[in-house]
Amino acid sequence: MKHFEANFDGLVGPTHNYAGLSVGNVASLNNAKDTSNPKSAAKQGLQKMKALHDMGLVQGVLAPHERPDLDALRRLGFSGSDTSVLEQAAKQAPQVLRAVYSASSMWTANAATVSPSADTADKKVHFTPANLTNKFHRSLEPETSGRILKAMFNNEQHFAHHQHLPDNDHFGDEGAANHTRLCGEYDQAGVELFVYGRHAFDSSKPAPVKYPARHTYEACEAVSRLHQLDESGVVYMQQNPDVIDQGVFHNDVISVGNQNVLFYHEQAFLNTAEKFKEIQSKFAKKSDKEFHFIKVATDQVSVEQAVKTYLFNTQLVDIGNGHMAIIAPMECKENPSVSAYLDNLITQNTPIKQVNYFDVKQSMRNGGGPACLRLRVALNEQELAATNQNVLMSEQLFSTLNTWVDKHYRDELSESDLRDPMLVIETRAALDELTQILNLGSVYPFQR
Ligand SMILES: N=C(N)NCCC[C@H](NC(=O)CCC(=O)O)C(=O)O
(Lines give C-alpha, C1' and ligand atoms only; values in the text may rest on other atoms or scores of the structure.)
Protein backbone atom coordinates (compact mmCIF):
# COMPACT_ATOMS: atom_id res chain seq x y z
CA MET A 1 0.00 0.00 0.00
CA LYS A 2 1.17 3.55 -0.69
CA HIS A 3 2.03 5.75 2.27
CA PHE A 4 2.67 9.42 2.79
CA GLU A 5 3.69 12.04 5.24
CA ALA A 6 1.02 14.70 4.88
CA ASN A 7 1.79 18.19 6.17
CA PHE A 8 -1.14 20.23 7.44
CA ASP A 9 -0.15 23.89 7.57
CA GLY A 10 -1.95 26.42 9.70
CA LEU A 11 -3.70 29.02 7.60
CA VAL A 12 -2.76 32.35 9.17
CA GLY A 13 -5.87 33.92 10.70
CA PRO A 14 -7.23 37.42 9.93
CA THR A 15 -6.09 38.84 13.30
CA HIS A 16 -2.38 37.98 12.93
CA ASN A 17 -0.55 40.53 15.09
CA TYR A 18 2.58 41.12 17.15
CA ALA A 19 1.63 41.25 20.80
CA GLY A 20 4.81 40.11 22.57
CA LEU A 21 2.99 37.31 24.37
CA SER A 22 5.63 34.60 24.61
CA VAL A 23 8.27 34.99 27.29
CA GLY A 24 11.15 32.70 26.33
CA ASN A 25 10.50 33.25 22.60
CA VAL A 26 12.98 35.92 21.56
CA ALA A 27 11.31 36.96 18.29
CA SER A 28 7.89 37.35 19.91
CA LEU A 29 9.27 39.77 22.50
CA ASN A 30 11.56 41.64 20.09
CA ASN A 31 8.74 42.46 17.68
CA ALA A 32 6.06 43.24 20.28
CA LYS A 33 3.57 45.89 19.16
CA ASP A 34 4.97 46.23 15.62
CA THR A 35 2.37 46.59 12.90
CA SER A 36 1.57 43.23 11.29
CA ASN A 37 0.41 42.35 7.78
CA PRO A 38 -2.29 39.67 8.01
CA LYS A 39 -2.95 39.47 4.28
CA SER A 40 0.67 39.00 3.33
CA ALA A 41 1.18 36.57 6.26
CA ALA A 42 -1.64 34.35 4.99
CA LYS A 43 -0.28 34.52 1.44
CA GLN A 44 3.26 33.60 2.53
CA GLY A 45 1.81 30.52 4.21
CA LEU A 46 -0.26 29.59 1.17
CA GLN A 47 2.80 29.93 -1.10
CA LYS A 48 4.72 27.43 1.02
CA MET A 49 1.79 25.00 1.02
CA LYS A 50 1.42 25.27 -2.75
CA ALA A 51 5.16 24.79 -3.33
CA LEU A 52 5.19 21.58 -1.27
CA HIS A 53 2.12 20.37 -3.13
CA ASP A 54 3.92 21.13 -6.41
CA MET A 55 6.88 19.05 -5.19
CA GLY A 56 4.52 16.07 -5.16
CA LEU A 57 3.98 16.00 -1.39
CA VAL A 58 0.61 15.60 0.29
CA GLN A 59 -0.21 19.02 1.68
CA GLY A 60 -3.24 20.07 3.66
CA VAL A 61 -4.65 23.15 5.39
CA LEU A 62 -5.60 23.54 9.03
CA ALA A 63 -8.16 26.27 9.61
CA PRO A 64 -7.42 29.19 11.97
CA HIS A 65 -9.36 29.76 15.19
CA GLU A 66 -11.94 32.41 15.88
CA ARG A 67 -10.29 35.48 17.39
CA PRO A 68 -10.85 37.50 19.43
CA ASP A 69 -11.96 34.81 21.85
CA LEU A 70 -14.92 36.69 23.30
CA ASP A 71 -15.99 33.67 25.36
CA ALA A 72 -12.67 33.87 27.21
CA LEU A 73 -13.27 37.59 27.90
CA ARG A 74 -16.76 36.81 29.22
CA ARG A 75 -15.35 34.08 31.47
CA LEU A 76 -13.05 36.78 32.83
CA GLY A 77 -15.97 38.98 33.81
CA PHE A 78 -16.42 41.35 30.85
CA SER A 79 -20.08 41.50 29.95
CA GLY A 80 -22.73 42.95 27.66
CA SER A 81 -22.64 43.15 23.87
CA ASP A 82 -19.55 42.13 21.90
CA THR A 83 -18.69 45.81 21.45
CA SER A 84 -19.02 46.51 25.13
CA VAL A 85 -16.91 43.45 26.06
CA LEU A 86 -14.15 44.71 23.73
CA GLU A 87 -14.36 48.27 25.07
CA GLN A 88 -14.13 47.17 28.70
CA ALA A 89 -11.24 44.81 28.02
CA ALA A 90 -9.36 47.49 26.05
CA LYS A 91 -9.73 49.90 28.94
CA GLN A 92 -9.23 47.59 31.93
CA ALA A 93 -6.97 44.83 30.64
CA PRO A 94 -5.30 45.68 27.31
CA GLN A 95 -2.76 42.88 27.76
CA VAL A 96 -5.60 40.34 28.07
CA LEU A 97 -7.28 41.76 24.98
CA ARG A 98 -4.06 41.31 23.00
CA ALA A 99 -3.86 37.69 24.14
CA VAL A 100 -7.40 36.77 23.10
CA TYR A 101 -6.71 38.27 19.67
CA SER A 102 -3.64 36.14 18.93
CA ALA A 103 -3.67 34.18 15.67
CA SER A 104 -1.28 31.69 17.32
CA SER A 105 -3.24 28.66 16.07
CA MET A 106 -1.29 29.13 12.81
CA TRP A 107 1.61 27.21 14.46
CA THR A 108 0.04 23.82 13.98
CA ALA A 109 3.16 21.97 15.15
CA ASN A 110 1.59 22.86 18.51
CA ALA A 111 -1.95 21.79 17.58
CA ALA A 112 -1.56 18.15 18.58
CA THR A 113 0.65 15.08 18.84
CA VAL A 114 -0.07 12.50 16.17
CA SER A 115 0.90 8.82 16.18
CA PRO A 116 0.52 6.96 12.89
CA SER A 117 -1.37 3.67 12.74
CA ALA A 118 1.83 1.66 12.21
CA ASP A 119 2.90 2.54 15.78
CA THR A 120 -0.34 2.13 17.72
CA ALA A 121 -1.81 -1.05 19.26
CA ASP A 122 -5.25 -0.62 17.69
CA LYS A 123 -3.75 0.40 14.29
CA LYS A 124 -5.58 3.72 14.24
CA VAL A 125 -4.02 7.15 13.78
CA HIS A 126 -4.15 8.83 17.21
CA PHE A 127 -4.52 12.57 17.84
CA THR A 128 -4.16 14.41 21.16
CA PRO A 129 -4.57 18.20 20.96
CA ALA A 130 -1.88 20.00 22.94
CA ASN A 131 -3.12 21.83 26.05
CA LEU A 132 -0.51 24.63 25.67
CA THR A 133 -0.93 25.54 29.33
CA ASN A 134 2.22 27.62 29.65
CA LYS A 135 0.95 30.65 27.72
CA PHE A 136 -2.52 32.07 28.35
CA HIS A 137 -3.12 32.97 24.69
CA ARG A 138 -2.19 29.46 23.57
CA SER A 139 -4.18 27.71 26.31
CA LEU A 140 -7.30 28.94 24.49
CA GLU A 141 -6.57 26.63 21.55
CA PRO A 142 -7.06 22.93 22.46
CA GLU A 143 -10.89 22.66 22.31
CA THR A 144 -11.19 24.20 18.87
CA SER A 145 -8.09 22.40 17.58
CA GLY A 146 -9.73 19.15 18.66
CA ARG A 147 -12.97 20.02 16.86
CA ILE A 148 -11.16 20.99 13.66
CA LEU A 149 -9.05 17.81 13.71
CA LYS A 150 -12.19 15.73 14.17
CA ALA A 151 -13.75 17.47 11.19
CA MET A 152 -10.66 16.69 9.10
CA PHE A 153 -10.12 13.11 10.25
CA ASN A 154 -13.70 12.09 10.70
CA ASN A 155 -13.74 8.30 10.49
CA GLU A 156 -13.76 6.09 13.59
CA GLN A 157 -12.42 3.11 11.73
CA HIS A 158 -9.13 4.89 11.06
CA PHE A 159 -8.80 7.81 13.48
CA ALA A 160 -8.85 8.05 17.30
CA HIS A 161 -9.22 11.48 18.90
CA HIS A 162 -8.34 12.09 22.55
CA GLN A 163 -9.18 14.97 24.82
CA HIS A 164 -6.25 17.26 25.59
CA LEU A 165 -4.36 16.52 28.83
CA PRO A 166 -5.52 18.18 32.08
CA ASP A 167 -5.04 21.95 31.89
CA ASN A 168 -2.22 22.33 34.34
CA ASP A 169 1.48 23.08 33.99
CA HIS A 170 2.30 19.65 35.46
CA PHE A 171 0.99 18.18 32.22
CA GLY A 172 2.16 21.04 29.99
CA ASP A 173 2.00 19.67 26.46
CA GLU A 174 3.16 21.57 23.36
CA GLY A 175 2.34 18.81 20.89
CA ALA A 176 4.31 17.80 17.82
CA ALA A 177 6.86 20.61 18.22
CA ASN A 178 8.47 18.31 20.78
CA HIS A 179 7.73 15.01 19.06
CA THR A 180 9.69 13.44 16.22
CA ARG A 181 8.90 10.18 14.50
CA LEU A 182 11.80 8.17 13.12
CA CYS A 183 11.05 5.25 10.79
CA GLY A 184 12.18 3.33 7.73
CA GLU A 185 9.05 4.01 5.68
CA TYR A 186 6.03 6.03 6.82
CA ASP A 187 3.81 2.93 7.02
CA GLN A 188 6.32 0.88 9.02
CA ALA A 189 6.44 0.93 12.82
CA GLY A 190 8.93 3.55 13.98
CA VAL A 191 10.45 5.17 17.02
CA GLU A 192 8.59 8.13 18.50
CA LEU A 193 10.96 10.55 20.16
CA PHE A 194 9.28 12.62 22.89
CA VAL A 195 11.31 15.62 24.06
CA TYR A 196 10.48 17.41 27.30
CA GLY A 197 11.83 20.41 29.17
CA ARG A 198 11.40 19.36 32.79
CA HIS A 199 10.06 16.76 35.21
CA ALA A 200 6.94 18.15 36.89
CA PHE A 201 6.86 15.79 39.85
CA ASP A 202 10.58 15.68 40.59
CA SER A 203 12.19 19.01 41.35
CA SER A 204 15.62 17.40 41.89
CA LYS A 205 15.94 16.99 38.09
CA PRO A 206 17.58 19.69 35.92
CA ALA A 207 15.37 22.51 34.65
CA PRO A 208 15.91 25.91 33.04
CA VAL A 209 16.25 28.92 35.36
CA LYS A 210 15.51 31.92 33.14
CA TYR A 211 12.78 30.84 30.72
CA PRO A 212 9.96 28.35 31.20
CA ALA A 213 10.15 24.70 30.19
CA ARG A 214 6.73 24.42 28.61
CA HIS A 215 6.54 20.66 28.17
CA THR A 216 6.86 18.02 30.88
CA TYR A 217 8.05 14.43 30.99
CA GLU A 218 4.74 13.46 32.56
CA ALA A 219 2.84 14.88 29.57
CA CYS A 220 4.99 12.84 27.18
CA GLU A 221 4.27 9.65 29.11
CA ALA A 222 0.52 10.38 29.16
CA VAL A 223 0.34 10.95 25.40
CA SER A 224 2.33 7.80 24.74
CA ARG A 225 -0.14 5.84 26.95
CA LEU A 226 -3.18 7.38 25.24
CA HIS A 227 -1.74 6.53 21.82
CA GLN A 228 -1.15 2.90 22.82
CA LEU A 229 2.52 3.01 21.91
CA ASP A 230 4.79 0.12 22.72
CA GLU A 231 7.89 0.81 24.79
CA SER A 232 10.02 -0.69 22.00
CA GLY A 233 9.03 2.29 19.83
CA VAL A 234 9.33 5.17 22.30
CA VAL A 235 12.28 7.25 23.52
CA TYR A 236 11.99 10.11 26.03
CA MET A 237 14.72 12.70 25.93
CA GLN A 238 15.24 15.88 27.93
CA GLN A 239 16.05 19.17 26.27
CA ASN A 240 19.19 20.84 27.51
CA PRO A 241 17.89 23.44 30.02
CA ASP A 242 20.70 25.81 28.97
CA VAL A 243 19.34 26.09 25.44
CA ILE A 244 15.81 26.75 26.73
CA ASP A 245 17.39 29.65 28.62
CA GLN A 246 18.87 30.86 25.32
CA GLY A 247 15.47 31.05 23.62
CA VAL A 248 14.90 27.46 22.44
CA PHE A 249 11.32 27.30 23.67
CA HIS A 250 10.44 24.17 21.66
CA ASN A 251 12.64 21.27 20.58
CA ASP A 252 11.83 22.03 16.92
CA VAL A 253 13.93 25.19 17.29
CA ILE A 254 17.05 23.03 17.84
CA SER A 255 16.46 19.71 16.06
CA VAL A 256 14.39 18.17 13.29
CA GLY A 257 13.99 14.56 12.24
CA ASN A 258 12.43 12.58 9.45
CA GLN A 259 12.54 8.86 8.68
CA ASN A 260 16.18 7.78 9.24
CA VAL A 261 17.61 11.26 9.90
CA LEU A 262 17.96 13.30 13.07
CA PHE A 263 19.45 16.73 12.36
CA TYR A 264 20.36 18.43 15.63
CA HIS A 265 22.55 20.95 17.36
CA GLU A 266 25.18 19.46 19.63
CA GLN A 267 23.77 21.37 22.63
CA ALA A 268 20.14 20.35 22.01
CA PHE A 269 19.75 17.52 24.54
CA LEU A 270 20.84 16.13 27.91
CA ASN A 271 22.55 12.71 28.10
CA THR A 272 22.91 12.75 24.33
CA ALA A 273 25.28 9.78 23.88
CA GLU A 274 23.25 7.41 26.04
CA LYS A 275 19.92 8.44 24.52
CA PHE A 276 21.21 8.23 20.95
CA LYS A 277 22.30 4.67 21.68
CA GLU A 278 18.71 3.91 22.70
CA ILE A 279 17.36 5.51 19.52
CA GLN A 280 19.87 3.60 17.40
CA SER A 281 19.08 0.23 18.97
CA LYS A 282 15.29 0.71 18.93
CA PHE A 283 15.41 1.97 15.34
CA ALA A 284 17.52 -1.02 14.24
CA LYS A 285 14.78 -3.36 15.53
CA LYS A 286 12.21 -1.57 13.33
CA SER A 287 14.12 -0.93 10.12
CA ASP A 288 17.15 -2.12 8.14
CA LYS A 289 17.90 1.40 6.98
CA GLU A 290 21.09 3.10 8.10
CA PHE A 291 20.33 5.81 10.68
CA HIS A 292 21.95 9.26 10.27
CA PHE A 293 22.57 11.48 13.28
CA ILE A 294 23.60 14.78 11.69
CA LYS A 295 25.26 16.94 14.32
CA VAL A 296 25.79 20.67 13.97
CA ALA A 297 28.61 21.75 16.24
CA THR A 298 28.60 25.04 18.14
CA ASP A 299 31.64 26.28 16.22
CA GLN A 300 29.75 25.70 12.96
CA VAL A 301 26.51 27.40 14.08
CA SER A 302 26.01 28.86 17.55
CA VAL A 303 22.78 28.39 19.50
CA GLU A 304 22.20 32.12 19.09
CA GLN A 305 22.49 31.86 15.30
CA ALA A 306 20.24 28.81 15.29
CA VAL A 307 17.58 30.76 17.22
CA LYS A 308 17.94 33.78 14.92
CA THR A 309 17.85 31.92 11.61
CA TYR A 310 15.73 28.91 12.59
CA LEU A 311 18.15 26.50 10.91
CA PHE A 312 16.45 23.64 12.78
CA ASN A 313 12.90 24.90 12.41
CA THR A 314 13.11 23.45 8.95
CA GLN A 315 11.15 20.65 7.37
CA LEU A 316 12.89 17.53 6.13
CA VAL A 317 10.72 16.15 3.36
CA ASP A 318 10.95 13.02 1.29
CA ILE A 319 11.75 13.72 -2.39
CA GLY A 320 12.06 10.08 -3.48
CA ASN A 321 14.98 7.64 -3.88
CA GLY A 322 15.73 7.93 -0.18
CA HIS A 323 16.56 11.60 -0.64
CA MET A 324 15.23 14.56 1.34
CA ALA A 325 14.89 18.28 0.84
CA ILE A 326 15.28 20.76 3.66
CA ILE A 327 12.61 23.47 3.66
CA ALA A 328 14.23 26.48 5.28
CA PRO A 329 13.21 30.05 6.04
CA MET A 330 14.80 32.87 4.03
CA GLU A 331 16.61 33.98 7.21
CA CYS A 332 18.92 30.95 6.77
CA LYS A 333 19.84 32.09 3.27
CA GLU A 334 20.47 35.63 4.45
CA ASN A 335 22.92 34.53 7.15
CA PRO A 336 26.32 33.85 5.50
CA SER A 337 27.52 31.15 7.89
CA VAL A 338 24.19 29.31 8.02
CA SER A 339 23.75 29.39 4.24
CA ALA A 340 27.35 28.18 3.79
CA TYR A 341 26.58 25.38 6.24
CA LEU A 342 23.50 24.34 4.26
CA ASP A 343 25.31 24.56 0.90
CA ASN A 344 27.89 22.18 2.27
CA LEU A 345 25.38 19.89 4.01
CA ILE A 346 23.67 18.92 0.75
CA THR A 347 26.99 17.74 -0.73
CA GLN A 348 27.67 15.37 2.18
CA ASN A 349 26.94 11.70 2.43
CA THR A 350 23.49 12.04 4.06
CA PRO A 351 19.96 11.74 2.63
CA ILE A 352 19.58 15.57 2.61
CA LYS A 353 20.28 16.60 -1.00
CA GLN A 354 18.39 19.81 -1.62
CA VAL A 355 17.58 23.06 0.17
CA ASN A 356 14.53 25.19 -0.67
CA TYR A 357 14.07 28.60 0.95
CA PHE A 358 10.72 30.21 1.74
CA ASP A 359 9.68 33.66 2.86
CA VAL A 360 7.59 33.20 6.00
CA LYS A 361 8.82 36.41 7.63
CA GLN A 362 5.43 37.46 9.01
CA SER A 363 5.31 34.27 11.06
CA MET A 364 9.05 34.27 11.83
CA ARG A 365 8.68 37.64 13.54
CA ASN A 366 6.53 35.86 16.13
CA GLY A 367 8.98 32.96 16.43
CA GLY A 368 7.23 30.65 13.98
CA GLY A 369 9.31 29.13 11.16
CA PRO A 370 8.42 26.62 8.42
CA ALA A 371 8.29 23.68 10.85
CA CYS A 372 6.11 25.53 13.38
CA LEU A 373 3.56 26.11 10.65
CA ARG A 374 2.97 22.44 9.93
CA LEU A 375 1.47 19.37 11.60
CA ARG A 376 2.77 16.09 10.21
CA VAL A 377 0.39 13.16 9.79
CA ALA A 378 1.78 9.94 8.34
CA LEU A 379 -1.04 8.19 6.48
CA ASN A 380 -1.50 5.15 4.31
CA GLU A 381 -3.62 5.20 1.17
CA GLN A 382 -6.85 4.19 2.93
CA GLU A 383 -6.37 6.74 5.69
CA LEU A 384 -5.67 9.48 3.17
CA ALA A 385 -8.86 8.51 1.32
CA ALA A 386 -10.77 8.71 4.64
CA THR A 387 -9.45 12.25 5.27
CA ASN A 388 -11.69 15.24 4.50
CA GLN A 389 -10.65 15.88 0.87
CA ASN A 390 -11.62 19.57 1.01
CA VAL A 391 -8.64 20.36 3.24
CA LEU A 392 -6.09 18.95 0.79
CA MET A 393 -4.11 21.46 -1.28
CA SER A 394 -4.74 21.63 -5.01
CA GLU A 395 -4.54 24.27 -7.78
CA GLN A 396 -8.21 24.94 -7.14
CA LEU A 397 -7.96 25.24 -3.35
CA PHE A 398 -4.88 27.47 -3.64
CA SER A 399 -6.74 29.85 -5.89
CA THR A 400 -9.94 29.74 -3.79
CA LEU A 401 -8.03 30.50 -0.58
CA ASN A 402 -6.06 33.35 -2.16
CA THR A 403 -9.31 34.92 -3.32
CA TRP A 404 -10.80 34.35 0.14
CA VAL A 405 -7.80 36.08 1.78
CA ASP A 406 -8.05 39.02 -0.66
CA LYS A 407 -11.71 39.41 0.16
CA HIS A 408 -11.53 39.23 3.96
CA TYR A 409 -8.08 40.16 5.28
CA ARG A 410 -6.72 43.53 6.21
CA ASP A 411 -3.33 44.64 4.90
CA GLU A 412 -2.22 45.93 8.28
CA LEU A 413 -3.08 45.52 11.91
CA SER A 414 -1.79 47.49 14.87
CA GLU A 415 -2.72 47.51 18.54
CA SER A 416 -5.39 50.20 18.21
CA ASP A 417 -7.25 48.08 15.61
CA LEU A 418 -7.97 45.48 18.28
CA ARG A 419 -10.62 47.80 19.72
CA ASP A 420 -12.51 47.90 16.44
CA PRO A 421 -15.74 45.86 16.67
CA MET A 422 -15.76 45.60 12.85
CA LEU A 423 -12.76 43.26 13.09
CA VAL A 424 -14.94 40.75 14.99
CA ILE A 425 -17.60 40.90 12.30
CA GLU A 426 -15.08 40.65 9.44
CA THR A 427 -13.37 37.66 11.04
CA ARG A 428 -16.62 35.79 11.59
CA ALA A 429 -17.71 36.38 8.01
CA ALA A 430 -14.34 35.07 6.79
CA LEU A 431 -14.40 31.97 8.98
CA ASP A 432 -18.02 31.17 8.18
CA GLU A 433 -17.11 31.09 4.50
CA LEU A 434 -13.94 29.10 5.23
CA THR A 435 -15.83 26.31 7.01
CA GLN A 436 -17.83 25.87 3.82
CA ILE A 437 -14.74 25.88 1.59
CA LEU A 438 -13.05 23.28 3.81
CA ASN A 439 -16.27 21.40 4.62
CA LEU A 440 -15.65 21.54 8.35
CA GLY A 441 -19.16 22.00 9.68
CA SER A 442 -19.76 24.24 12.71
CA VAL A 443 -16.40 24.21 14.48
CA TYR A 444 -16.34 27.79 15.80
CA PRO A 445 -18.03 29.10 18.95
CA PHE A 446 -19.97 31.74 16.95
CA GLN A 447 -21.47 28.97 14.80
CA ARG A 448 -22.67 26.85 17.72
N1 LIG B 1 8.16 26.20 17.60
C2 LIG B 1 6.93 25.98 17.24
N3 LIG B 1 6.55 24.82 16.91
N4 LIG B 1 5.98 26.95 17.29
C5 LIG B 1 6.24 28.32 17.40
C6 LIG B 1 5.18 28.99 18.19
C7 LIG B 1 5.39 30.47 18.31
C8 LIG B 1 4.43 31.08 19.29
N9 LIG B 1 4.52 32.53 19.24
C10 LIG B 1 3.60 33.30 19.80
O11 LIG B 1 2.62 32.84 20.36
C12 LIG B 1 3.83 34.81 19.75
C13 LIG B 1 2.55 35.60 19.70
C14 LIG B 1 2.76 37.06 19.95
O15 LIG B 1 3.70 37.43 20.66
O16 LIG B 1 1.97 37.87 19.40
C17 LIG B 1 4.71 30.58 20.71
O18 LIG B 1 5.59 31.15 21.37
O19 LIG B 1 4.08 29.61 21.15
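# Notebook: pockets, cavities and a ligand

**Entry 1, the second largest pocket.** I started with helix H1 (26–30) and helix H11 (303–309), which each supply at least two residues to the lining of the second largest pocket. I'm working on a predicted model here, so I noted that before going on. H11 gives the largest share of this lining, 4 residues. Altogether I have 17 lining residues, and those nearest the centre of the pocket are Val26, Ala27, Asn30, Val307 and Lys308. I wrote down a volume of about 320 Å³. Sorted by class, the lining of this second largest pocket has 7 nonpolar, 6 polar and 4 charged residues.

Next I went to the largest pocket, which holds about 590 Å³ of space. I looked up 26 residues in its lining, with Asp69, Ala72, Arg75, Leu140 and Glu143 nearest the centre. Helix H3 (70–75), helix H6 (136–139) and helix H7 (142–152) are the elements that give two or more residues to this lining. Which helix gives the most to it? It's H3, with 5 residues. I also sorted the lining of the largest pocket by class and got 10 nonpolar, 5 polar and 11 charged.

The largest cavity has about 200 Å³ of space in it. I found 14 residues lining the largest cavity, and Glu5, Val114, His179, Arg181 and Arg376 are the closest to its centre. Two elements turned up with two or more residues in that lining: strand E6 (179–182) and strand E15 (374–380). E15 has the largest share, with 4 residues. For the classes in the lining of the largest cavity, I put down 7 nonpolar, 3 polar and 4 charged.

What takes up the space of the second largest cavity? It's the ligand. I have a volume of about 170 Å³ for this cavity. Its lining is made of 19 residues, and Ser22, Asn25, Trp107, His137 and Asn366 lie nearest its centre. By class, I noted 5 nonpolar, 12 polar and 2 charged residues in the lining of the second largest cavity.

I then listed the neighbours of the ligand itself. There are 21 residues around the ligand, and Leu21, Ser28, His137, Asp252 and Cys372 come nearest. The shell around the ligand splits into 8 nonpolar, 10 polar and 3 charged residues.

Last, I checked some distances. A polar backbone atom of Leu21 is 2.8 Å from an oxygen atom of the ligand. Asn17 also uses its backbone: one of its N or O atoms there lies 3.5 Å from a ligand oxygen. With Asn110 I had to look at the side chain, where an N or O atom is 3.0 Å from a nitrogen atom of the ligand. Is the ligand buried or exposed in the protein? It's buried: taken alone the ligand exposes 490 Å², and the protein buries 100% of that.

Technical notes: Residues numbered from 1 in each chain as written. Predicted model: local features only at pLDDT ≥ 70, side-chain atom pairs only at ≥ 80, totals over all residues. Heavy atoms only, no water. Near = heavy atom within 4 Å. Polar contact = N/O pair within 3.5 Å; in protein donor to acceptor, adjacent residues only side chain to side chain. Areas by Shrake-Rupley, 256 points an atom, 1.4 Å probe, with all protein chains shown as cover. 1 Å grid on protein atoms, 1.4 Å probe; cavity = no way out; pocket = protein on both sides within 12 Å on 5 of 7 lines; lining within 4 Å. Sits in = over half its atoms within 2 Å of the grid points. Nonpolar A, V, L, I, M, F, W, Y, C, P; charged D, E, K, R; others polar. Points joined across faces, edges and corners; volume = space filled by probe spheres on them.
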